[in-house]
Amino acid sequence: MTVQLQADILCADSAFRRAAHISFCLLFAILILVVIYSPGFTTKEKMSTPSPSAPSSSHITQELESIVVRFAGDSGDGMQVTGDRFTTESALAGNDLATLPDFPAEIRAPAGTIAGVSGFQIHFGSTDIHTPGDKPDVLVAMNPAALKANLGDLKKGGVVILNEDAFTTKNLNRVDYEINPCEDDQLGIDYRKYVVPITKLTKDALADSGLSSREIDRCKNFFTLGIMLWMFNRPSASTIFWLEKKFAKRPEIAQANITVLKAGMTYAEATEVFSQHSFKIKPAKLSAGSYRSLNGTTATTYGLVSAARKSQRPMFFAAYPITPASEILHQLSAQKQFGVATFQAEDEIAAVCAAIGAAYSGALAVTSSSGPGIALKLEAMSLAVMVELPLVIIDVQRAGPSTGMPTKTEQADLFQALYGRPGESPLCVLAASSPETAFTMSYEACRIALKYMTPVVFLSDGYIANCSQPWRIPDAKDLPAMENRIISETNNPEGSYLPYARDPETLARPWALPGTPGLAHRVGGLEKQVNTGNVNYQPDNHQEMTRLREEKIAKIAAEIPPTKIHGEEQGDLLIVGWGGTEGTLTKAALMAQEEGLSVSRVHLFHLNPLPSDLGEILSRFKNVLIPEINCGQLSQIIRAKYLVDAKGLNLVRGLPLKAEEVLEEIRRIILPH
Amino acid sequence: MANASAAATANYTKKDFESDQEVRWCPGCGDYSILANVQRFLPTLNRAPEEFVFVSGIGCSSRFPYYMNTYGFHTIHGRAPAIATGVALTQPDLSTWIISGDGDALSIGGNHLLHLLRRNVDCVFLLFNNRIYGLTKGQYSPTSEVGKVTKSTPLGSLDHPVKPLPYALGSQASFVARTLDRDAKHMGKILEAAYQHKGCSFVEIFQNCNIFNDGAWDYMAERSLRADAQVELEHGKLMIFGKDRDKGIALEGLKPKVVNFAAGDEQAAEDAGVLRYDDSSIEIALLVSQLDAPEFPTPMGVLYRENRATFDDVFHAQLADAKKRFPISDSVDDSLNELYRSGDVWDVE
């Protein structure tokens, strides 16, 4: 059926073993078995009566390396919760995985419409998983709109599970289905279609629960989860525990969901089709250690909290709500016990300004937003450049311009971060590539800000923020040490304190906190005199201060470890990436290498300054390919700075790049035409 | 903004609060007198200069911090309230002052001022109102009268002005007062009241720009006119004014009016219905804040004060409460390791 689905297939029936590698044979064989063994079963694979007498000889457990599952439903159908729970159970089963939620910008778009479809994709397996997967192998569609919006992505021959009860005439008409897909034979030929009356079965399971019909209806996603857990041989204990905890104050709701979850599992086990076929994905070979599932948002907040604790500075975090960055504000606001002060400001400008005031007063100051909010902060960021205060600005990028597509990912704020300020206004720019690096790089952003007395932009994106991966839990004692420039005595034996006297190694200025006797001084947005910081408009002084500000940022290159080349040290093509595309680029490079192509890969976490060894590395490859979810921003920088003929692969659809697309571009560049 | 230092032994003088920077306002600018008044007032508090932070935005007034030998931050246009909020929340034990003008505070920074006031951030806010843009060389401001002829409005300005005091009261300010640049004694008294108030103290200072809007306040500021053109608000006292103290503000229904009575006769004033000022009444403050020339004398002094929790206090109380409710390990590394391991954890051998 797919490369992954054709992996080792273990089956009890030897006839199946012979047919194992041909997906369509498999599909038809199942169909035939279904017809033979289940009396209550129609050729449309419609199931409503569980048959407990399934012959065990027919049970197939297909063992796969990895699989991609997408849950899709109305935004009120609880697909994100279903996906989250399925993710946790998969992680606990030891799989490597990556997930990607895809929800509408509208909180509740009209029910049953395409705009209201909410999705959650998980890619999990026994091998290294780099991306949430290009195309799903299994699609769960809770209503016609969800099917319509997602069927095009499903791999040919993939599994599609439909909630029959939602395929009403009204819902079908809403998205222009003339034939009910539940009854559409062609759909059953193109895909492995399972039609399940999920709503009705949920109602049946809760007939005696005493809950209202609305409450009962809201449990149906756990029926779906039950089917999926059984289908993939997942445990359910952690979900049961989670439900008991989440609904501790309403145990009847917890119990109802657990009942429905178990009903879903029992149903899948008892009914023919599911009992004929379940999947087994072995645990991945992860390196030894403790793991947990982590998304980019939580990773970022952990990086920040760690930086606050390790630096022994109070953290001041100020933000204004904006998708997809708000979640950082929410999560940090629940971490006040770590000395993290959070402030929801009246607007984006006030958020960055309050952070700057806090930085002036001695806090480790952080503000976060997304593209449109960053645009509002830029003037204040240039003030932070001028007054040389430690400040971290988090940009969780989303698709623009303007309001754009708030819930969709993009990498188009690189230029804004690098150049979007008045005057020559250099600052440090770092980027995460995954949840794991969102942790390390948000911590690094704080470390550099404090050490160099500079604003640092930390770039994340909607994809990194929301995707989850297993995280090998680090030991806090291994985190890099923090240092700061706090000064308590005058640095000028001959006179008053010199707020702009610089550390010779880093060019950082000292940090005299208000309240410190003898160091009272004034800072501001007007140009400073070298050393004294007094207002100064002299031409040579401005030239010198401009140079100093530039050179200080350039010196941060000393903090960057040698660039890691994934693959050969030289060759036909080097992929240069940055940000959330790393998983895709990893997979694309591996696929290219498997084809025997001479392809290596580097990924940048420091965008300003760039690693000092990058120019030399670029010179060792005949071609340079820079795939980005923008119109070629890093490409322009690399071309300008290193004079190499870098080629871009630039797709701005609000979606992660697909490994296949990158592979195709690699082939196009290095294979003879 | 009250915060008396316990170590009140040192004797500071005006000089201790003067920086070494040359003051560069136009000769004759009202800002000089405000600077001198602040520098005269602060030493009376027996607090060291380093315990004060002056934050300003952009405009003539906003050069103020450079001339103070305290901590100071000359920021960007309109944003001083936001930056000062970060200062006050991070260093609540220091005395935070914000220096702003009518353009800075009410035009580009109107939003931040509103939120500073409603949150009741513990600070003193001095609004230098000269009804003109000085630093950009004379365009009309949001407090300029309609019809103002300036470089940007050669045919006269069209937009209706904002009144700072009703704006502040409407923004839930906990302290609102007004004083005049050339009335040193009055300003000293108002600065003292503003400093002693715990919370955000909003003070409008009528200030003369002798270059671009000279004499804007003369109708009430000229010595010879003051008695008739101003009414001093004092808590518990009748709202009497006039050279001969024979006029007062009374209410007819909900409408204020000027009433006359026998000169100096308080009983007669009371009989005539003259209001006894109550600076704890938001209703009276809102009404009096609207009084304006030429129909009425200009109210001066403290319009309103209210004891209300400051933002700094509740902000830090919540942090302390969180530490109590969700205790973490004293060891930095242990506390972080516990955080990392929250949620579902599994081990790989």
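Accessible area, in the sense used here, comes from the Shrake-Rupley method, with a 1.4 Å probe. With that in hand, let's look at chain A of this predicted model. Chain A exposes about 24900 Å², and carbon and sulfur atoms supply 53% of that area.

Now for what chain A is built from. Along its 673 residues, 63% are buried, and the chain holds 24 helices and 23 strands. Contacts tell us how the chain folds back on itself: of those in chain A with a separation of 6 or more, 76% are between residues 24 or more positions apart.

Let's pick out one helix, H16 of chain A, which covers residues 371-387.

Next, move to chain B and find strand S4, residues 123-129. Seven of its seven residues are buried. Which residues lie on each face of S4(B)? On one side are B:Cys123, B:Phe125, B:Leu127 and B:Asn129, while B:Val124, B:Leu126 and B:Phe128 are on the other, and both faces are covered.

S4(B) also has partner strands. It pairs with S3(B), residues 95-101, in the parallel sense over five bridges, and here B:Ser100 stands opposite B:Leu127. S4(B) also runs parallel to S8(B), residues 200-206, and seven bridges join the two. One pair to look for is B:Cys123 with its bridge partner in S8(B), B:Cys200.

Finally, turn to the nonpolar cores. The largest has 178 residues, and those with the most contacts inside it are A:Phe316, B:Phe73 and B:Met239. Helix H15 of chain A, residues 348-360, gives the most to this core, with eleven residues. Apart from this core lies another, of 50 residues, among them A:Phe86, A:Phe120, A:Ile240 and A:Leu243.

Leaving aside residues up to four places away in sequence, B:Met239 touches several others, including B:Val231, B:Leu233, B:Ile249, B:Tyr277 and B:Leu291. B:Lys247 and B:Gly248 are also among the residues that B:Met239 touches.

How values were computed: Residues numbered from 1 in each chain as written. Chains lettered and ligands numbered in written order. Predicted model: local features only at pLDDT ≥ 70, side-chain atom pairs only at ≥ 80, totals over all residues. Heavy atoms only, no water. Buried < 20%, exposed > 50% of the residue type's maximum accessible area, 1.4 Å probe, protein only. Helix = DSSP H or I, 4+ residues; strand = E, 2+ residues; numbered from the N terminus. Pairing = 2+ DSSP bridges. Expected span 1.5 Å × (residues − 1). Core = buried A, V, L, I, M, F, W, Y, C linked by side-chain atoms within 4.5 Å. Contact = heavy atoms within 4.5 Å.
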